[in-house]
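Hi everyone, thanks for making the time. I'd like to walk you through a structure and how its pieces pack together. Let me put it up on the screen.

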There are 2 protein chains.
Amino acid sequence: MAELTVETSDKPIGVFDSGLGGLTCVMELMQLMPNENIVYFGDTARIPYGTRSKETITEYANQDIGFIKKHDVKMIIAACGTVSSVVGGVKDPAGEVPFTGVVIPAVQTACAAARNGRIGVIGTAATIRSGAYGRAIRAIRSDAVVLGNSCPLFVPMVESGITDKNDPVVKSMVERYLSPIRNENVDVLILGCTHYPLLRDAIADFMGEDVTLISSGAAAAKYAMNLLAGKNLLSSRKEKGSITYYTSDSAELFAQNAQSFIGRSFTGEVRKVTIDELCS
Amino acid sequence: MAELTVETSDKPIGVFDSGLGGLTCVMELMQLMPNENIVYFGDTARIPYGTRSKETITEYANQDIGFIKKHDVKMIIAACGTVSSVVGGVKDPAGEVPFTGVVIPAVQTACAAARNGRIGVIGTAATIRSGAYGRAIRAIRSDAVVLGNSCPLFVPMVESGITDKNDPVVKSMVERYLSPIRNENVDVLILGCTHYPLLRDAIADFMGEDVTLISSGAAAAKYAMNLLAGKNLLSSRKEKGSITYYTSDSAELFAQNAQSFIGRSFTGEVRKVTIDELCS
């Protein structure tokens, strides 16, 4: 009788984003699967993606995926709402490597939480223009009413450290972008961009405690765990996993700015990737 | 006796920027020299430059200059405050092609206008970090007091159309960024980024009528005219010149967004340049 074996994989999980927003997904991955190794790439030399055209976003996403694949990863997470919306509909965008964006995970979580079937979505201009969240929601729940709005200033606000819920600029922009959604009595709101959890307090205050906020990066981390478990690809490592960070702009700037995304001082090692390496 | 001849050149003037801000310089060029041809490049696939590192800005600037040089131009204007500050100190950044950024032109104009020798400068994070404006001002006027402040949210606000002087977000951000400068009693303020003229009304209201605002893009256009005249390179063309626009992101998005920068509907022809073409 053959011995019962459980397959495992000690290969790293690959995560990428246009910048640092994807770190909100990495934090959740570390929480859920502390023994996994992670390779992270933030395309800080070309952030933001969300204001650009579909063609440019697709080109950048393919380069990002190509770069992550060089690290022999067992799965790839596009921890970027814009890439997930624009490229996520492509079948197997990473070829034979298992792939997820944040749209399907966030939508599954949102549909499970929605009582009245009215779901709000906020994201970048490209995300909202793509209609990806609405399609994914209606595929699960055809009677759902989806209220979407783009919030183009949220990413630069977060990148500039303008996130305090008592800041009049934060209050004003949250009110401007979210009023059309709050007025429609949604009971779930998807934060469809991985930068937005840094504005969670302000958004929660404005939407009220009856509205459940879904962090798309955190949802993607849970989805990735289930996917890896289902494929017998979780790590057998007993010690704590390591994270290697890559960035297309200055490693120093990455380390400086990472702190606000992970909520504590950043001590990781960051390596610079040139744009030529990405283009080649 | 030799016949007196005046040399001329019908080659175009090359102008580039990280995005559309440089159009504030192009408008002034068209006003001053309506018969000149212009080639404009806006690197909209990689805007903004001002939040990036010196190394990345230098790499992008060199690619932009390389692209513009392919069009057999008679001079190049870096109509981008960030590029001008970071690369402008390099001797002959475009090789044998005459070159100007916006720093020297804006500083010459500011020093001529300053009565009390107290000069304010606002720009992107990279511009202010570079110290380029302060060095250029003190080279002309060693007793000048230079008050600089970076305004990282101004470019995304302009790109998002948030520019109305009565908008509470505009008022709040203008107050936040400019209070430290207004409190120092400057009588001249350099708008050290070619996006900022779109916020001129709000800035003028806050600074008061005694403060002269200098548009760096407009100053660069005047400087270019003098430079071309001095080198006998003005065009002999009698008819109106033409402008060819290139952009690294979608031509359609460029045309849509250009209107707010030129203050009227945009009718030009825009051609898309791929990032591969820029990198090669």
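This is a predicted model: local features need pLDDT of at least 70, side-chain atom pairs count only at pLDDT 80 or more; totals for chains, interfaces and linings use all residues.

I'll go through the domains, then the chain contact, then the sheets and a couple of helix pairs.

Okay, domains. Chain A is split into domain 1, which covers 13-101 + 219-279, and domain 2, which covers 103-216. Those bounds come from a domain assignment. The C-alpha centres of domain 1 and domain 2 of chain A sit 22 Å apart. As for how they meet, 29 residues of domain 1 of chain A are in contact with 24 residues of domain 2 of chain A. Which helices supply the domain 1 side in chain A? At least two residues each come from H1, helix H2 (54-69), helix H3 (81-87), helix H10 (216-230) and H11 of chain A. H3(A) gives the largest share of that side, with five residues.

While we're in chain A, let's look at a helix pair. We describe two packed helices by the angle between their axes and the distance between the axes. Here the pair is H1 (residues 23-32) and H11 (residues 251-262) of chain A, whose axes come within 9 Å and cross at roughly 60 degrees. H1(A) and H11(A) are therefore oblique to each other, and their crossing is right-handed. Who's actually touching? On the H1(A) side you've got Leu23(A), Thr24(A) and Met27(A), and on the H11(A) side Ala258(A), Phe261(A) and Ile262(A). By class, that contact of H1(A) with H11(A) has five nonpolar residues, one polar and no charged ones.

Now the two chains together. Contact here involves 25 residues of chain A and 25 residues of chain B. On the chain A side, the elements giving two or more residues are H2, helix H7 (154-159), helix H8 (168-182) and helix H12 (275-279) of chain A. H8(A) makes the largest share of that side, four residues. The class count for the side of chain A that touches chain B is twelve nonpolar, six polar and seven charged.

Next, the sheets, and I'll switch to chain B for these. There's an open sheet of six strands in the order S4-S3-S1-S2-S9-S10 of chain B, with parallel pairing. Strands S4 (99-100) and S10 (270-272) of chain B are at the edges, each with a single partner strand, so one side of each has no neighbour in the sheet. If we zoom in on S2 (residues 38-42) and S9 (residues 243-247) of chain B, they pair in the parallel sense over five bridges. What is the bridge partner of Gly42(B) in S9(B)? That's Thr247(B).

H10 (residues 216-230) of chain B lies across S1 (13-17), S3 (75-78) and S4 of chain B, running at about 165 degrees to S3(B). H11 (residues 251-262) of chain B lies across S2, S9 and S10 of chain B, and its angle to S10(B) is about 145 degrees.

Then there's an open sheet of four strands, ordered S6-S5-S7-S8 in chain B, again with parallel pairing. Here S6 (145-150) and S8 (212-215) of chain B stand at the edges with a single partner strand each, so one side of each is left without a neighbour in the sheet. From one strand to the next, the twist averages 20 degrees. In the pairing of S5 (residues 118-123) with S7 (residues 188-191) of chain B, we get four bridges in the parallel sense, and Val121(B) has Ile190(B) as its bridge partner in S7(B). H8 (residues 168-182) of chain B lies across S5, S6 and S7 of chain B, at about 170 degrees to S6(B). H10(B) packs on this sheet as well, touching S7 and S8 of chain B, with its direction at about 65 degrees to that of S8(B).

Last stop, a helix pair in chain B. The axes of H4 (residues 103-113) and H6 (residues 132-140) of chain B come within 9 Å and cross at roughly 50 degrees. That crossing is right-handed. Among the residues making the contact are Val107(B) of H4(B) and Ile137(B) of H6(B). By class, the contact of H4(B) with H6(B) has ten nonpolar residues, no polar and no charged ones.

Definitions and conventions:
Residues are numbered from 1 along each chain as its sequence is written. Chains are lettered from A and ligands numbered from 1 in the order in which they are written. Axes are lines fitted to C-alpha atoms, for helices over the stretch in contact, and angles run from 0 to 180 degrees between N-to-C directions. Angles under 35 degrees count as roughly parallel, over 145 as roughly antiparallel, 65 to 115 as roughly perpendicular and the rest as oblique. A crossing is left-handed if the near helix is turned anticlockwise from the far one by less than a right angle, and right-handed if clockwise. Two residues are in contact if their C-beta atoms, placed from the backbone, lie within 7 Å. Ala, Val, Leu, Ile, Met, Phe, Trp, Tyr, Cys and Pro count as nonpolar, Asp, Glu, Lys and Arg as charged, and the others, Gly among them, as polar. Two strands pair if DSSP finds at least two bridges between them.
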